[in-house]
Amino acid sequence: MKKQLLWIALGSFGMLAAGGGAQAAGDPEKGARKNSMCEGCHGIPGYRTAFPKVYTVPKLGGQHPTYILSALQGYKSGARKHPSMNGVAATLSQQDMEDLAAFYAAQK
Ligand code: HEC
């Protein structure tokens, strides 16, 4: 169910991007410097956090940048709900999110 919602979000993002002409692409090098607060959870393969409940943290490396960006925007706006990610995304600017998306998309 969550995946379907995300695809709808991705679709509308795609339309916005097409309507708005060229979008400022993120800078992966800047993203690498903003990554310090993410890697504690996302950098460890198979990592599971214990708070507020046990859950598996998704791997971000190699994901499509549009997917990462729209996921972060969803957490920031509250359209996607997860306590850790809502807290993290609230601190990110649009530029931060684009840079982080570019950084993670470039990971293999
Ligand atoms: C406290 C641990 C934690 C931190 C710190 C954290 N994340 Fe997450 N992140 C998660 C968890 C858990 C999920 C899965 C949440 C869900 O199921 O919706 C997630 C989901 C995501 C997703 C969606 C992935 C997908 O496949 O749907 C993205 C993108 C993301 N995080 C990016 C980031 C970025 C960028 C940072 C740093 C700015 C960050 N996260 C910091 C735990 C964390």
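Student: Which residues are the closest to the ligand in this predicted model?
Tutor: The model is predicted.

Student: How many residues of the shell around the ligand are nonpolar?
Tutor: The shell residues divide into nonpolar, polar and charged. Five are polar and one is charged. The nonpolar residues number 14.

Student: What pattern does the protein follow along the sequence?
Tutor: The protein has six helices and two strands. Read along the sequence, these follow the pattern α-α-α-β-β-α-α-α.

Student: What span is expected for H4 at 1.5 Å a residue?
Tutor: H4 has 13 residues. From its first C-alpha to its last, H4 reaches 18 Å. That is close to the expected span, which is 18 Å.

Student: Which residue with a positive phi follows H4?
Tutor: H4 itself has buried residues, among them Pro 65, Ile 68, Leu 72 and Tyr 75. After the helix comes a residue whose phi is near 95 degrees. That residue is Gly 78.

Student: Are H4 and H5 roughly parallel or roughly perpendicular?
Tutor: Two packed helices are described by the angle between their axes and the distance between the axes. The axes of H4 and H5 come within 8 Å and cross at roughly 95 degrees. Angles of 65 to 115 degrees count as roughly perpendicular, so H4 is to H5 roughly perpendicular.

Student: Which residues of H5 are met by residues of H4?
Tutor: On the H4 side, the contact is made by Leu 72, Tyr 75 and Lys 76. The residues of this contact divide into five nonpolar, one polar and one charged. On the H5 side, the residues are Met 85, Asn 86, Ala 89 and Ala 90.

Student: Is Gly 43 buried or partly exposed?
Tutor: Gly 43 is found in the loop between H3 and strand E1 (48-49). A buried residue has 20 or more other C-beta atoms within 10 Å, and an exposed one has 12 or fewer. Gly 43 has 15, so Gly 43 is partly exposed.

Student: What distance separates the C-alpha atoms of Gly 43 and Pro 58?
Tutor: Along the chain, Gly 43 and Pro 58 are 15 residues apart. Their C-alpha atoms are separated by 9.6 Å.

Conventions:
Residues are numbered from 1 along each chain as its sequence is written. This is a predicted model: local features need pLDDT of at least 70, side-chain atom pairs count only at pLDDT 80 or more; totals for chains, interfaces and linings use all residues. Ala, Val, Leu, Ile, Met, Phe, Trp, Tyr, Cys and Pro count as nonpolar, Asp, Glu, Lys and Arg as charged, and the others, Gly among them, as polar. Helices (H or I, at least four residues) and strands (E, at least two) are DSSP runs, numbered from the N terminus. The expected span of a helix is 1.5 Å times one less than its number of residues. Axes are lines fitted to C-alpha atoms, for helices over the stretch in contact, and angles run from 0 to 180 degrees between N-to-C directions. Angles under 35 degrees count as roughly parallel, over 145 as roughly antiparallel, 65 to 115 as roughly perpendicular and the rest as oblique. Two residues are in contact if their C-beta atoms, placed from the backbone, lie within 7 Å.
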